Amino acid sequence: MNGWQRFALLILCCFTVMVLYPDFDASGWTFIGIACAMWTGIIMVLSVISNLFGLYRMETFNKLISFILLCGIMYSLLWYFPQEDKVTPINKIKYGEIPTKADIEKGIKRFTFNFDFVHRNARRKENFINQDIDGQKIKKEIKKKAGQTAEELVETLDIQVE
């Protein structure tokens, strides 16, 4: 692997940890930024050393360095990544708290972008994200359903007049 591929591996590891353990606040973003800067420096030093000594030609040694780099990145991210409940991801794994589908969905949701560019106003009736609510349309649907159920109830009643 060359330096760019190792850097892509670093970004992938950071993204994976942030998605699997989404309960972080601003300190999590700061940690990821500092970790990326630190590991980028290490990757650059490894690339310079690899080019100086021609280590990139030895395929097995290159794979070993990449595997050790991957283990180091994941170890540092899992051991030190700050969480709101003050329990690091490695301790969560140790105690059997593995990420659930809800955690993954929450983590992916942190990286999505809301394409609804409607200006939001707190006093507006339609103040819901990604939902179009038409008050008149809803009222008509309610009246229609209520009318149907009322007619069905009248038909089922057996009224006898004397």
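Gly54 comes directly after helix 2 and has a positive phi, near 70°. The model described here is predicted. A second residue with a positive phi is Lys86, where the angle is near 65° and the residue is not a glycine. Most residues other than glycine have a negative phi. Lys86 sits in the loop that joins helix 3 to helix 4 (89-94). Its relative accessibility is 74%, so Lys86 counts as exposed.

**Helix 2**

Helix 2 covers residues 26-53. With 28 residues at 1.5 Å a residue, helix 2 should span 40 Å, and the distance of 41 Å between its end C-alpha atoms agrees with this. The buried residues of helix 2 are Gly28, Phe31, Ile32, Ala35, Cys36, Trp39, Ile43, Ser47 and Ser50. An α-helix has 3.6 residues a turn, so residues three or four places apart point the same way. Helix 1 and helix 3 are among the parts that cover the buried residues of helix 2.

In soluble globular proteins, nonpolar side chains tend to be buried together. Here the largest nonpolar core has 19 residues, and those with the most contacts inside it are Leu10, Ile32, Ile73, Leu77 and Phe81. At least two residues of this core come from each of helix 1 (3-20), helix 2 (26-53) and helix 3 (59-80). Leaving aside residues up to four places away in sequence, Ile32 touches Cys14, Met18, Leu77 and Phe81. Two of these partners, Leu77 and Phe81, are also listed with Ile32 among the core residues with the most contacts.

Which residues does Ser66 touch, not counting residues up to four places away in sequence? They are Met1, Arg6 and Leu9. Ser66 itself belongs to helix 3. With 6% relative accessibility, Ser66 is under the 20% limit and therefore counts as buried.

**Salt bridges**

Side chains of opposite charge can pair when their charged atoms come close. Two salt bridges are found in a search of the whole structure. One joins Lys106 and Asp23, and the other joins Asp85 and Lys92, as set out in the table.

| Lys | Asp | N to O distance |
|---|---|---|
| Lys106 | Asp23 | 2.6 Å |
| Lys92 | Asp85 | 3.5 Å |

Lys106 is in helix 5 (residues 101-110), while Asp23 is in the loop between helix 1 and helix 2, so this pair ties together parts that are 83 residues apart in sequence. Both residues of the pair are partly exposed: Lys106 has a relative accessibility of 40%, and Asp23 has a relative accessible area of 25%.

In the other pair, is Lys92 buried or exposed? Lys92 is buried, at a relative accessible area of 6%.

**Helix 1 and helix 5**

Two packed helices are described by the angle between their axes and the distance between the axes. For helix 1 and helix 5, the angle is about 120° and the axes are 7 Å apart. The two helices are therefore oblique to each other. On the side of helix 1, the contact is made by Met18, Val19 and Leu20. Helix 5 contributes Asp103, Ile104, Gly107 and Ile108.

Conventions
Residues numbered from 1 in each chain as written. Predicted model: local features only at pLDDT ≥ 70, side-chain atom pairs only at ≥ 80, totals over all residues. Heavy atoms only, no water. Core = buried A, V, L, I, M, F, W, Y, C linked by side-chain atoms within 4.5 Å. Buried < 20%, exposed > 50% of the residue type's maximum accessible area, 1.4 Å probe, protein only. Helix = DSSP H or I, 4+ residues; strand = E, 2+ residues; numbered from the N terminus. Contact = heavy atoms within 4.5 Å. Expected span 1.5 Å × (residues − 1). Salt bridge = Lys/Arg side-chain N within 4 Å of Asp/Glu carboxyl O. Axes fitted to C-alpha atoms, helices over the stretch in contact; angles between N-to-C directions. Parallel < 35°, antiparallel > 145°, perpendicular 65-115°, else oblique.
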